[in-house]
Amino acid sequence: MKRFHYVVLLIVSGVILAFTVSYLLQQQHINNTIVEFQSAAKDRIQALEHIIENSTMAGRAVVSLFASSEQVTRQEFSTFVKFILKNTSYIRALEWVPRIPANQRKQYEAIAAQDFPGFKFTQQLNGQIIAADLQQEYYPVFYIEPYINNRQALGFDLAGNAKRKTALAYARDNNRPSSTGRINLIQGNTETWGFLTYLPVYTKNTNIQTIEQRRTNIEGLVVIVFDIPALVESSLAYLQPAGIHLTLYDETATQSERFLYQHRSRTQSPLDSDWKNDHVFSASKLEFSDTLSVNHRHWSAKATPAVGYFNTAPTLEIWLVFIGINAITFLLAAYLHLLRQLEFDLRNEKDQLEITVSERTRDLEEKNKQLETFSYSIAHDLRSPLRAITGFSQILVDDTKHKLDQEEQDYLARIIAAGKHMANLIDDILTLSRVTQGKLNRKEIDFSDLAHGIAERIQNSSQEKSHRVSWVIHEDMKADGDLHLLTLLLDNLLLNAYKFSRQNPEPKIEVGLTRHVGEKIYYVRDNGIGFDMKFVDKIFGVFQRLHTKDSYEGTGIGLATVKRIIERHHGRIWAKSKTNEGATFYFTLRPQPNTDDQYI
């Protein structure tokens, strides 16, 4: 039974995991619902704020009408504001309220009485509309649209009420819109709450920098009469019902007059009688509150979800996750049991693989030893007879040069040249062999200094003194690699560039560094004879030459050596060229830490 303990443990762990994940998903579902609720609440509050702002902008249009005209008649006012009122049921009225000094009261009453017999300046006292008391100045409703259902407001002195006068004075003194607190609209036949917004109009071409100047030059005010219930419902009518109640408060008002309106969600059920107390969440967690600035007054809006907005029962998706995790757990238990059966076979195969790797490693070490022996043979066994051939040939030339004809001397010269070429070839083969062996000693190298040193040595050791190259070597280049191998690499590339640029009257060789996608790319560029790109795959091969040795000296091993060095540094090398337009060799050096770097 012990071998089944891990299966039982897996099943128990899977069941615990299923409960945990289901719980977390349920919490995430609840949190997402809260976030969605808060977002929907913000949308509703912003919609209300936007409709108030847009209505205030409409009032500014009426202000512009008075500010740009010498005189606005009642008919002009009526025609202009009808377009504004056409689709704004929440604006109960738009009014023009001029400032009238006491000595002009009778004159204005007489003018208005021509169209409205019995017109008088009025005020409200104990719920009754009476003639306005004598004052130094009046702010009566002189124009009003629509007139029907608002006729009682015509002539009403807004300065005769303390609440309305306070907002009026703020708008006048500060040259900005100002709203009243909650008022009971007297225009309608039913009781409803609203508020007024005042927008000041000053006499044209007058100075209104100071409060005194504004009080002196005030011509009147445009008044917007808002119906609060219609305003709220209109602002929310374009939003999809979401089961959210919205309550508005005027934080600037006294405690008894703070409440403005309560919007009930359109998705509310008939049983949703006590919507302030959800049966799942506490009120503090449900509420979302924000503030609105309504023309120097501060409103607060509190959003609360209707009953049933939150559903704490697990969703179908959560049940599927719970069942799925348990099903996967049992499948894993069965699969794990099979894996244990395979584990023993895999362990045996691993042991066999280690034996195979060990044998191949020994084979590799043996081949490396054979390669070293071969290199030693080349270095000693081949060089000795070759040195004898070239040496005795040279002695023969020196001793018999006056006895041999020109053709015989030419034969000896060819033997000596071939021997030297063979010696160079052996040296290059040994160099190529050594490149592929040994351990890399990586460190940071000043690549610029290295290039400068090699360039100076090449230039100074050249037998062609007239072949003066313009060397362009970028500064502050760093490289990570083996100093000996990178010296050999750069020596081969610069010698090639020097050799193949000798026919250019103004030879130029550049050693530089660029970057591509964060990778360092080094390059050597010359303006020599170049080569045809169709031969680019041949140039890095051993003994591959694109030119005869009579035209350009060399063994055909230099670029092959360069390629091996690049490969040992885990890099890559490529070339671009055009015939008679020079060549550019690009290469990268990629460090590979924590390896022996043994070339195989």
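Asp526 stands opposite Ala583 in β21. This is a predicted model, where local features need pLDDT of at least 70, side-chain atom pairs count only at pLDDT 80 or more, and totals for chains, interfaces and linings use all residues. Residues are numbered from 1 along each chain as its sequence is written, and side-chain values use heavy atoms, without hydrogens and water.

**The sheet.** Strands β19 and β21 run antiparallel, joined by five bridges. They belong to an open, five-stranded sheet with mixed pairing and the order β16-β18-β19-β21-β20. Strands here are DSSP E runs of at least two residues, helices H or I runs of at least four, numbered from the N terminus; two strands pair if DSSP finds at least two bridges between them. At the edges, β16 and β20 each pair on one side only. Helix α10 packs on the sheet, touching β16, β18, β19 and β21. Contact means heavy atoms within 4.5 Å.

| Element | Residues |
|---|---|
| β16 | 470-473 |
| β20 | 573-577 |
| β19 | 519-526 |
| β21 | 583-587 |
| β18 | 508-516 |
| α10 | 447-461 |

**A helix pair.** Where do α11 and α12 meet? Leu485, Leu488, Leu489, Asn492, Leu493 and Asn496 in α11 touch Gly558, Leu559, Thr561, Val562, Ile565 and Ile566 in α12. By class, this contact has eight nonpolar, four polar and no charged residues. Nonpolar covers Ala, Val, Leu, Ile, Met, Phe, Trp, Tyr, Cys and Pro; charged covers Asp, Glu, Lys and Arg; the others, Gly among them, are polar.

Technical notes:
Axes fitted to C-alpha atoms, helices over the stretch in contact; angles between N-to-C directions.
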